[in-house]
Amino acid sequence: MSLEIQEGGPEIQSISDFKKGYVYFLNNFQNIVGSFLQFLSTGLTEANKREILSFRKTLDQELDKSQKKIKEIIFNLDEKHLYAQVRKDYSRYFSRFIEDHNRDDFIQFHLIYEMLRYFYIETKEGWEKLKTSVLNNQFTDLEFQKNGLLNYRILPALEKLNSLEILLKRMSYILQIDNPNSLNEFKPTKPKYRDKGTYRLSAVFEEALYDKPKELEPEDTGIEYQAEEVIKNHKEKSKDNWKSIKEKVKSSGELNYIQAYGKYTWNSDQHYFFRYEIDKYQAEKALFKNAISLDSHLGADEQVLRSELIRSMTSIEKKSKSGDDFELEYQNFLKQFFTFCENIILMNMMLPTQFKYVFLFHLGPSHFYMIAKKFLMEVNTGYVHARGNDGKKVIRVIPGEYVKKHVIDYWNEVILPNVGEEKNNLALLKKIAELIEEKYKEISKLAIQNYDALDPEIKASKPRETIFRENMNEWMGAANLIVFKRFVKNKSF
């Protein structure tokens with residue numbers, strides 16, 4: 001352990017803001033952000049505005065992000081919200097329930113640690129970026145650079161974040177989190193509970209914190225907690241890490257992901273997160289400039305859903321249209337097609353209409369995209385026909401990343417505005433899952449009947465599991481399988 005960490009006195013002095021509570025520290029940070037925003041809106045000369053023009057957008061984004069995150073944490077730190085969260089998450093920390101205030105304190109302490117840790121990781125990076133931008137920019141007004149931006153605003157914020165870092169290190173020591181890189185990476189932390197531990201803010205101010213002997217045999221909590229940052233990181237399976245993704249977002253001027261979370265960990269996991277690749281989206285968007293036709297039929301109305309009728313419809317070639325016309329037509333098609341997908345899913349699952357939006361919310365944008373993609377391919381629509389780079393060949397493609405982007409738009413414009421507090425109703429989610437499981441059992445029986453009806457020679461030619469795997473999409477429905485994988489726990493596929 002470093003000398004800096006072992007020296008309790010200077011550490012405790014540096015986190016003195018927290019002696020008045022977490023909210024006191026957050027309010028102080030909020031005051032720095034608010035003062036900065038006011039300075040940018042009323043305190044700049046025209047010359048100052050020109051000098052920060054190159055990084056003004058980044059500046060505004062970071063300040064806005066810090067402000068929103070602080071408000072969110074303060075809201076979640078409210079006693080009634082925090083207590084409810086502890087109750088909800090108890091089973092994620094302990095395998096059996098024991099009425100014990102110290103266990104509640106432990107869970108609450110870790111939840112707060114995770115909130116502050118996420119805030120620190122993302123906010124520190126943003127403010128360091130601002131500092132670098134100011135230092136690297138060529139200012140004619142050095143007083144504005146040194147005091148107006150750095151000494152009076154950016155450095156005080158970084159100083160606050162340094163004190164938060166020390167607090168988090170002391171909290172992690174109390175929680176006995178073994179990962180030394182927990183303050184630098186989006187990865188879940190696993191605390192260890194000890195009956196004799198003190199899990200309150202006051203514990204971080206103990207002078208001899210690092211000298212106290214560790215009690216033997218901690219109880220392994222079997223924790224499964226996933227903080228917001230963990231969920232986002234879980235979805236990044238490509239070479240891009242979170243930092244490079246944010247750089248892409250900055251250059252594109254819009255978010256390339258959605259976090260359609262609820263209030264609790266059970267409705268804030270990876271199923272409620274979705275993103276698209278900006279580079280691929282831009283490449284697919286460019287296809288419309290060379291488009292010669294689209295497959296933009298919906299296939300059938302809500303009463304006619306047979307694939308044979310859908311596949312019989314043909315695309316209409318429209319050579320006179322511009323690239324913008326084709327793109328607008330495709331966007332309108334997607335909106336209608338998403339509604340088409342909703343109706344088929346609800347009908348297949350036999351779900352009451354009043355469950356529509358809460359069901360779709362819990363289905364999540366990722367699974368909804370998979371279903372939409374299946375339908376597009378199954379009914380032979382959604383293809384863009386465009387001239388290749390040589391001007392001779394014609395390519396035919398479903399622009400996957402483009403569709404993903406519009407699934408996100410659809411979620412923001414249609415799904416989220418139409419789902420209210422019922423998204424946080426666990427009993428309602430369980431009811432929906434029960435209805436879907438009943439449908440799963442019903443369709444599974446039909447699949448078994450289909451297998452039993454096969455010619456004996458076919459049954460003898462391959463193992464039973466292989467035959468089911470080869471025919472599962474046909475017997476149970478490809479879209480149905482996606483829904484079952486999301487909601488049914490004990491599946492046979």
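1. Let's start with a helix pair: Lys280, Tyr281, Glu284 and Lys285 in H11 meet Gly400, Glu401, Tyr402 and Lys405 in H15, where contact means heavy atoms within 4.5 Å. By class, this contact has two nonpolar, one polar and five charged residues. Here Ala, Val, Leu, Ile, Met, Phe, Trp, Tyr, Cys and Pro count as nonpolar, Asp, Glu, Lys and Arg as charged, and the others, Gly among them, as polar.

2. A word on the source: this is a predicted model, with local features needing pLDDT of at least 70, side-chain atom pairs counting only at pLDDT 80 or more, and totals for chains, interfaces and linings using all residues. Residues are numbered from 1 along each chain as its sequence is written, and side-chain values use heavy atoms, with hydrogens and water left out.

3. Back to that pair: the axes of H11 (residues 278-285) and H15 (residues 400-418) come within 7 Å and cross at roughly 105°. Axes are lines fitted to C-alpha atoms, for helices over the stretch in contact, and angles run from 0 to 180 degrees between N-to-C directions. H11 and H15 are therefore roughly perpendicular to each other (65 to 115 degrees).

4. For the overall picture, the chain has 19 helices and six strands; these are DSSP runs, numbered from the N terminus (helices H or I, at least four residues; strands E, at least two). Of its 493 residues, 50% count as buried, meaning under 20% relative accessible area with a 1.4 Å probe, protein chains only.

5. Now the inside. The largest nonpolar core has 75 residues, and Tyr330, Phe359, Leu363, Phe368, Ile436, Met476 and Val483 touch the most other members. Such a core is a set of buried Ala, Val, Leu, Ile, Met, Phe, Trp, Tyr and Cys residues joined through side-chain atoms within 4.5 Å. Helix H13 (residues 323-349) gives the most to this core, with twelve residues. A second, separate core of 66 residues includes Leu26, Leu82, Leu175 and Ala203.

6. Another pair to look at is H14 (residues 356-378) with H19 (residues 478-487), whose axes come within 9 Å and cross at roughly 150°. That makes H14 roughly antiparallel to H19 (over 145 degrees). Residues in this contact include Phe359, Leu363 and Phe375 in H14, and Ile482, Val483 and Phe487 in H19. By class, the contact of H14 with H19 divides into ten nonpolar, two polar and two charged residues.

Note on methods:
Angles under 35 degrees count as roughly parallel, over 145 as roughly antiparallel, 65 to 115 as roughly perpendicular and the rest as oblique.
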